[in-house]
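Here are my notes from a friendly browse through one model.

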Amino acid sequence: MKIFEECAIINNLLSSGKERDARNHLILLLDYHMKHGISYSPLLNHLIRETGLFPYIKPESSNWQDRFVYESFKVDIGQEVPVTLHSEQSLILKHLLDGTDLAVSAPTSFGKSLIIDAFIAIRKPINVMILVPTIALTDETRRRLSRKFSSQYKIVTTTDVVLGEKNILIFPQERAIQYYEKLGRLDLLVVDEFYKASQEFDRERSPALLKAIMKLSKIAAQRYYLAPNIAQLRDNPFTNGMLFLSLDFNTVFLEKHDLYKTIKKDVSKKSAALIKILGQGTSKSLIYAGSYTNVEKVSSLILEKTLTLDSKLLTDFSIWLAKNYDQNWMLADLVKRGTGIHTGQLHRSLSQIQVRLFEEKDGLHSIISTSSIIEGVNTSAENVIVWSNKNGRSKFNDFTYRNIIGRGGRMFRYFVGNIYILEEPPLPADTQLELTFPDKLLADIDEQEFRKSLTKEQVAKIILYNEEMENILGQEVFDKLKHNGSLMTGDMALIQNIAREVNNNRNTWKHLSSLNQQSADWSKILVKVLRLSPEEEWRNEILFINFIKVLKSNWQYSIPELLGRLAYFKVTIDMFFKLERGATFKLTALLNDINVIQKEIMPELCIDISSSIARLSKAFLPSCVFDLEEYGLPRMLAKKIHASGIINFEDENLTLHSALDRLHKRQSEVRSKIKGLDDFDGYVLDYFFEGIARQ
């Protein structure tokens with residue numbers, strides 16, 4: 001490559017107003033410099049400045065004007081050393097510091113989260129809430145902010161935590177509502193991946209996210225919403241008064257390889273292409289499989305066509321998985337070949353451990369994923385392999401496709417992301433984000449306040465709903481339930497169904513009290529509960545109910561032992577994860593709403609199953625043990641810590657933050673006192689303690 005000629009091309013592109021093309025040429029040139037160990041010239045540094053990529057400037061080889069820009073764009077982000085922002089990051093931060101409400105669309109590699117850190121470090125707000133789409137992203141965000149702000153803020157990620165004087169709250173949307181009454185005021189409300197508030201992009205989660213946005217916006221002094229690849233934001237009540245910025249500012253270059261054109265739907269050619277890509281050295285690869293079925297297909301292909309690696313770390317991980325989860329689990333064999341799996345159903349700590357191993361030089365080389373990799377973690381790779389052009393059963397759109405390939409490349413690590421496309425991508429399209437009220441949210445809406453944003457049919461549904469609920473509960477009770485946020489689902493049809501069912505069949509629902517007895521047979525009442533809201537997880541009622549019976553022994557038995565008790569039902573480890581998630585999340589939300597409504601309809605019976613719901617929501621583990629899995633401490637290690645006497649997790653007065661404090665202070669004892677720790681247990685503990693380290 002002739003460097004001066006490339007610089008001339010970049011300069012000409014800038015002169016003709018083609019900034020994106022100039023930036024792409026420059027990034028390729030920077031990649032060439034990195035791979036060949038070439039120092040930056042003053043000319044190259046000047047072109048970096050002209051394209052706005054200020055963090056890439058090498059001050060030691062730049063002229064004084066470019067060094068001045070590099071220093072001028074430095075900001076405090078809570079670290080010992082300030083960092084330099086690029087031009088568009090600086091623009092957003094200026095708007096935030098001016099008090100502007102912002103909705104920002106920018107590429108995955110843009111660095112939107114860094115702006116949050118800078119705002120906190122500079123403005124020092126009292127209460128900040130960050131809504132994230134998944135538990136995995138909750139922990140990743142917590143770890144990042146804890147390293148910077150734990151000495152100044154209480155960082156809260158789970159419910160029922162007493163707030164401090166200054167708080168950073170990081171929640172999936174379902175948890176956020178529970179702090180609405182406790183907070184009173186938010187200085188900044190951040191909504192990450194706010195496109196998920198649209199039914200078009202996430203039909204399951206959008207009602208809960210819209211509900212959280214609707215409530216929390218009322219107490220938020222300022223709002224900052226983030227998303228990738230949105231061209232237009234249509235007028236809507238959820239982003240009313242916000243400045244929308246759609247920024248096409250890339251910091252890495254995506255080099256696309258359209259292999260699907262030669263593969264032409266030939267399965268054998270597609271399989272061979274994947275294996276060939278994975279065999280190209282030790283670069284990191286994310287494999288988008290699109291569905292659980294495809295995850296299994298790709299896993300089988302890699303097991304068949306690749307060899308095990310000579311890696312003690314991965315061998316230890318494989319043994320650890322077989323011992324603690326299932327000796328027949330495909331993942332235990334897969335990791336020996338340098339490949340992990342990332343899906344939304346895995347235990348939280350297990351997903352985190354694999355992402356950590358993926359970041360290690362000698363760890364996992366590739367991860368096979370469903371859409372969880374684009375919504376659940378902020379990880380990137382040198383290679384992104386698009387195995388499937390579907391998201392679940394349906395073909396993905398251009399928005400999802402760009403989100404997937406946006407995981408290629410990373411600032412300062414991979415200037416170029418290689419995108420290998422094995423199935424035909426969708427046609428390019430500009431995404432217009434439209435946020436409307438779904439019917440599932442109508443139970444939480446005042447039809448007078450939002451009449452202009454509702455259809456006539458929706459207004460009619462709300463009026464009929466209000467009339468029926470007032471008739472069953474009485475107006476005073478119904479108004480109380482609407483405004484205190486005690487109902488979790490917000491699904492109008494479901495709430496109506498619960499109220500009718502309890503009101504019309506009181507003799508049946510008085511047996512709810514049996515759920516307060518651990519030794520009682522819950523089968524009959526659970527059948528009634530499950531039929532109120534059909535879900536995929538409990539389509540097989542007998543299996544699901546028996547799973548819950550076995551899950552009651554979660555603290556006493558290991559996961560392999562629990563699987564042994566479920567052997568009659570042929571429950572695999574993957575099924576175990578799915579059933580546990582259905583029990584701890586969907587079933588507890590349903591039981592909560594039944595409990596709230598029945599207490600108002602049948603107050604004379606004094607039935608309250610709140611404590612049983614709480615136990616079920618923690619998978620019948622001690623509260624802290626279940627919550628600590630989100631911090632990267634798997635339950636089997638918590639059991640060993642408990643058995644050693646270092647912490648009594650069965651102490652009902654033990655809070656999550658007091659447990660974290662004790663673990664932080666006594667981490668040396670954890671290694672010395674616990675019996676039977678293997679090498680990978682030690683690796684996991686190191687990762688966990690790193691995540692709870694104080695400033």
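I take helices (H or I, at least four residues) and strands (E, at least two) as DSSP runs, numbered from the N terminus. This is a predicted model, where local features need pLDDT of at least 70, side-chain atom pairs count only at pLDDT 80 or more, and totals for chains, interfaces and linings use all residues. Residues are numbered from 1 along each chain as its sequence is written, and side-chain values use heavy atoms, with hydrogens and water left out.

Entry one: positive phi. I found Phe-620 in the loop between helix H27 (610–617) and helix H28 (623–629). Phe-620 is not a glycine, yet its phi is positive, near 60°. Is Phe-620 buried or exposed? With 8% relative accessibility, Phe-620 is buried (under 20% relative accessible area; exposed is over 50%, partly exposed in between, with a 1.4 Å probe and protein chains only). I also noted Lys-124, with a positive phi of about 50°. Lys-124 sits in the loop between helix H6 (112–123) and strand E4 (127–131) and is partly exposed at 44%.

Entry two: cysteines. I counted 0 disulfides, taking a pair of cysteine sulfur atoms within 2.5 Å as one. Cys-7 is buried, at 3% relative accessible area; Cys-624 is buried, at 3% relative accessibility.

The axes of H19 (residues 456–473) and H20 (residues 475–484) come within 7 Å and cross at roughly 120°. I fitted these axes as lines to C-alpha atoms over the stretch in contact, with angles from 0 to 180 degrees between N-to-C directions. From H19, the contact (heavy atoms within 4.5 Å) includes Tyr-465 and Met-469, and from H20, Phe-478 and Leu-481.
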